[in-house]
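Have the model open as you read.

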Amino acid sequence: NTSIGAALARIYAAVDRYVDLTKSKFVASDIYGTMLERILYDVEIVRITAPSEKDAFRLFETLNDGGLALSAADLIKNKLFSRCGPEIEDATDSWASVVACTKDDDIVDFLRYYWIASYGFVRKRSLYDKYRNHINTLGQTEAALLAIELDESARNYERMVNPNPKTYSWGEDVAYT
């Protein structure tokens, strides 16, 4: 496939440029050369086409069951996106904002706190199961609205976790430490 070949060519060129830049400055250039060789000769790229977006999300979830462990946040995002249908663009924008708002903190912690505040106690190890079961009950619009609600909650969470007295006015009685 030409798109895969073009992507590999861009990766090769980028790594090759970086290796050339580091050769005169660092001995570590051997590491980058080895990395480039591994990308070119040891990485296998497989293109899988799914009949629908929903099938693609299901395939992603299934393939990752046997691969590297994903965080609960990765799995929740995948499940949420799989339910959004044509409203996925709103959900992806909202999720990007959630990630940005929780950058200094753990997104899994935020998702757990959100769940506890909205639905009741949950342990981290059960978090994905709770979200999955809930998301399975949602229609496309409701799933997109959940993403938007998570975005709004993440913005409030960010204000609480990282208060900025210059931008957030909590009142005169609140002391910032």
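The expected span of a helix is 1.5 Å times one less than its number of residues; helices (H or I, at least four residues) are DSSP runs numbered from the N terminus. This is a predicted model, where local features need pLDDT of at least 70, side-chain atom pairs count only at pLDDT 80 or more, and totals for chains, interfaces and linings use all residues. Residues are numbered from 1 along each chain as its sequence is written, and side-chain values use heavy atoms, with hydrogens and water left out.

Let's start with helix α4 (residues 72-84). Its 13 residues should span 18 Å, and the end C-alpha atoms are 18 Å apart, which agrees. Of these 13 residues, 10 are buried, so α4 is largely enclosed by the rest of the structure. Buried means under 20% relative accessible area, exposed over 50%, and partly exposed in between (1.4 Å probe, protein chains only). Among the buried residues of α4 are Leu75, Lys79 and Phe81. Gly85 follows α4 and has a positive phi, near 55 degrees.

Now for the aromatic rings. Rings of Phe, Tyr and Trp (its six-membered ring) pair if their centres lie within 6.5 Å; planes under 30 degrees apart count as stacked, over 60 as edge-to-face and the rest as tilted.

| Pair | Centre distance | Plane angle |
|---|---|---|
| Tyr113 and Tyr157 | 6.1 Å | 45 degrees, tilted |
| Trp115 and Tyr131 | 4.9 Å | 55 degrees, tilted |

Trp115 lies in helix α6 and Tyr131 in helix α7 (residues 127-136), so their pair ties together parts 16 residues apart in sequence. Both Trp115 and Tyr131 are buried. Tyr113 is partly exposed, at 39% relative accessible area, while Tyr157 is buried at 8%. Phe110, Tyr113, Tyr114 and Tyr157 form one aromatic cluster.

Conventions
Helix = DSSP H or I, 4+ residues; strand = E, 2+ residues; numbered from the N terminus.
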